[in-house]
Amino acid sequence: MPIVWLLEWDGIGPVEYEKLRGEIGWENADGLHLHIVAFNQKGLVLSEVWESPDHVQPFMDDLLLPAVAKLGISTMPRVDLYETYAIRGPAYSGAD
């Protein structure tokens with residue numbers, strides 16, 4: 001079942017995000033359907049749709065956490081994970 005992964009990361013602005021993006025290559029993450037980036041006054045707000053929770057953990061362990069360590073980022077995000085009820089929209093072609 002697809003899941004929504006919501007991440008709020010204080011202190012991570014566009015510069016830090018682009019550095020992380022360069023290390024991780026989000027565009028090629030296995031099981032990632034949608035990646036939406038925004039920023040508020042505190043930092044990064046990230047929303048993603050993943051094929052399943054089983055795809056998120058390897059992404060965290062193998063890509064995100066090593067990149068965070070390599071870049072010397074000392075803070076960690078607040079993360080919430082939700083099962084999807086429905087995903088619809090002109091740009092989405094996955095199954096509900």
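Start your tour by selecting strand 2 and strand 3: seven bridges join them, and the two run antiparallel. (Strands here are DSSP runs of E with at least two residues, helices are runs of H or I with at least four, and both are numbered from the N terminus; two strands pair if DSSP finds at least two bridges between them.) You are looking at a predicted model, in which local features need pLDDT of at least 70, side-chain atom pairs count only at pLDDT 80 or more, and totals for chains, interfaces and linings use all residues. Residues are numbered from 1 along each chain as its sequence is written, and side-chain values use heavy atoms, with hydrogens and water left out.

Now click on Leu34, whose bridge partner in strand 3 is Val49. Strand 2 and strand 3 form a hairpin, with three residues between them.

You will find an open sheet of four strands, paired antiparallel in the order 2-3-1-4. Strand 2 (32-39) and strand 4 (78-83) each have a single partner strand, so one side of each is left without a neighbour in the sheet. From one strand to the next the twist averages 15 degrees (angles run from 0 to 180 degrees between N-to-C directions, along axes fitted to C-alpha atoms, for helices over the stretch in contact).

Move to strand 1 (residues 3-10), which is joined to strand 4 by six bridges. Select Ile3 to find its bridge partner in strand 4, Glu83.

**The helices**

(Contact means heavy atoms within 4.5 Å.) Helix 1 lies across strand 1, strand 2 and strand 3 (43-50), at about 155 degrees to strand 2.

How do the two helices meet? The axes of helix 1 (residues 14-24) and helix 2 (residues 53-71) come within 9 Å and cross at roughly 130 degrees. The two are therefore oblique to each other (under 35 degrees counts as roughly parallel, over 145 as roughly antiparallel, 65 to 115 as roughly perpendicular, and the rest as oblique). To see the contact, select Lys19, Leu20, Glu23 and Ile24 of helix 1, then residues of helix 2 including Phe59, Leu63 and Leu71.

**An aromatic stop**

Finish with the rings, where the structure holds six aromatic pairs. (Rings of Phe, Tyr and Trp, with its six-membered ring, pair if their centres lie within 6.5 Å; planes under 30 degrees apart are stacked, over 60 edge-to-face, and the rest tilted.) Select Trp5 and Trp50: their ring centres are 6.4 Å apart and their planes at 80 degrees, so the pair is edge-to-face. Trp5 sits in strand 1 and Trp50 in strand 3, 45 residues apart, so to speak linking distant parts of the chain.
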